[in-house]
Amino acid sequence: MQQIAKLAPSATEQRHQKKRQMILEVADRVFGRDGEAGLSIRRLADEIDYSPGAIYKYFNSKQELMNELKEMFFERLLEELPVFDDETGDYPLFVRSSLETYMRVALEAPHHYEAAFSGEAEPMPALLDTSPTSAKERAFFHLFSLIGDGIERGDFAPEGAVLQVAKSVWAACHGLVILMIHFQDFGRGFGAETGADTGPDAVIARHADFLIKGMSV
């Protein structure tokens, strides 16, 4: 069958995409600084010296803009996640590092992280769908694969279905992040009694260690 060549975007389409990306970058900066309450179409228009009507040429609503920002968070997360070296790597240590990365990236962008789970309740990604489209779905499938591969390799104990374990690990990481976002001194409850480091990185590291030990053979 003859394939139809994909046409390159026109100059007009390129300009549209460039301006749309610029608006997203400014919105991302405002949102990271002031949160969802501080981000409005009018506020955004003032930041980039556009009219509110001009913004609507690129985004139909604030919700559409918010959805894009949520995706940007998970795109950043996926880019930050470590890659396993199958020849020399320690798999449990690699998964531990992946969990730490998730929590660290979330704490670096607390407004984005909270927004990523705000709004109406969503269904869990369908595991029968082998081609997740959203970055949020791909992030969950990545975690699911990490757990499943660990069980297949014999590094993690096959306690329950992979999906159940993945959900529990995700919930544990998510819970710590939310608590640390809302309680700036939350780390004092972890290690203070033993003189251990109570800084965010140390708390995250110990939490990831607990999770890995709980799954390990």
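Helices (H or I, at least four residues) and strands (E, at least two) are DSSP runs, numbered from the N terminus.

## Basis of the model

This is a predicted model, in which local features need pLDDT of at least 70 and side-chain atom pairs count only at pLDDT 80 or more, while totals for chains, interfaces and linings use all residues. Residues are numbered from 1 along each chain as its sequence is written, and side-chain values use heavy atoms, with hydrogens and water left out.

## Overall make-up

The protein has nine helices and zero strands. Along the sequence the pattern reads α-α-α-α-α-α-α-α-α.

Of the 217 residues in the protein, 37% are buried (buried means under 20% relative accessible area, exposed over 50%, partly exposed in between, with a 1.4 Å probe and protein chains only). Contact means heavy atoms within 4.5 Å. Among the contacts in the protein with a separation of 6 or more, 63% are between residues 24 or more positions apart.

## Helix 1 against helix 2

Two packed helices are described by the angle between their axes and the distance between the axes. Axes are lines fitted to C-alpha atoms, for helices over the stretch in contact, and angles run from 0 to 180 degrees between N-to-C directions. Helix 1 (residues 11–34) and helix 2 (residues 41–48) pack at an angle of about 115 degrees, and their axes are 10 Å apart. That makes helix 1 roughly perpendicular to helix 2 (angles under 35 degrees count as roughly parallel, over 145 as roughly antiparallel, 65 to 115 as roughly perpendicular and the rest as oblique). The crossing of helix 1 with helix 2 is right-handed; a crossing is left-handed if the near helix is turned anticlockwise from the far one by less than a right angle, and right-handed if clockwise.

On the helix 1 side, the contact is made by M22, I23, V26, A27, R29, V30, R33 and D34, which meet R43, L44, E47 and I48 of helix 2. The residues of this contact divide into seven nonpolar, no polar and five charged (Ala, Val, Leu, Ile, Met, Phe, Trp, Tyr, Cys and Pro count as nonpolar, Asp, Glu, Lys and Arg as charged, and the others, Gly among them, as polar).

## R43 and its surroundings

R43 lies in helix 2 and is partly exposed, with a relative accessible area of 29%. Not counting residues up to four places away in sequence, R43 touches V30, R33, D34 and G38. The C-alpha atoms of R43 and V30 are separated by 8.9 Å, and the two residues are 13 residues apart along the chain.

R43 also belongs to a network of salt bridges that links R33, D34, R43 and E47 (a salt bridge is a side-chain nitrogen of Lys or Arg within 4 Å of a carboxyl oxygen of Asp or Glu).

## Other salt bridges

The count of salt bridges comes to 15. One of them joins R76 and D28, with the closest N and O atoms 3.3 Å apart. R76 lies in helix 4 (residues 62–80) and D28 in helix 1, so this pair ties together parts that are 48 residues apart in sequence. R76 is partly exposed at 29% relative accessibility, whereas D28 is buried, with a relative accessible area of 16%.

R96 and D209 form another salt bridge, with the closest N and O atoms 3.6 Å apart. This pair links distant parts of the chain, with R96 in helix 5 (residues 91–108) and D209 in helix 9 (residues 200–215), 113 residues apart. D209 is partly exposed, at a relative accessible area of 22%. The side chains of E108 and R104 also form a salt bridge (3.1 Å, N to O). E108 and R104 both lie in helix 5, four residues apart, about one turn of the helix. E108 is exposed, with a relative accessible area of 53%, and R104 is partly exposed at 28% relative accessibility.

## Helix 4 against helix 7

Helix 4 packs against helix 7 (residues 135–153) at an angle of about 35 degrees, with the axes 8 Å apart. The crossing is left-handed. Helix 4 contributes E71, F74, E75, L77 and L78 to the contact, and helix 7 contributes A135, K136, R138 and A139. These residues divide into five nonpolar, no polar and four charged.

## V95 in helix 5

V95 lies in helix 5 and counts as buried, at 0% relative accessibility. Leaving aside neighbours within four places in sequence, V95 is in contact with L146, F156 and I212. V95 and L143 are 48 residues apart in sequence and 8.9 Å apart in space, C-alpha to C-alpha.
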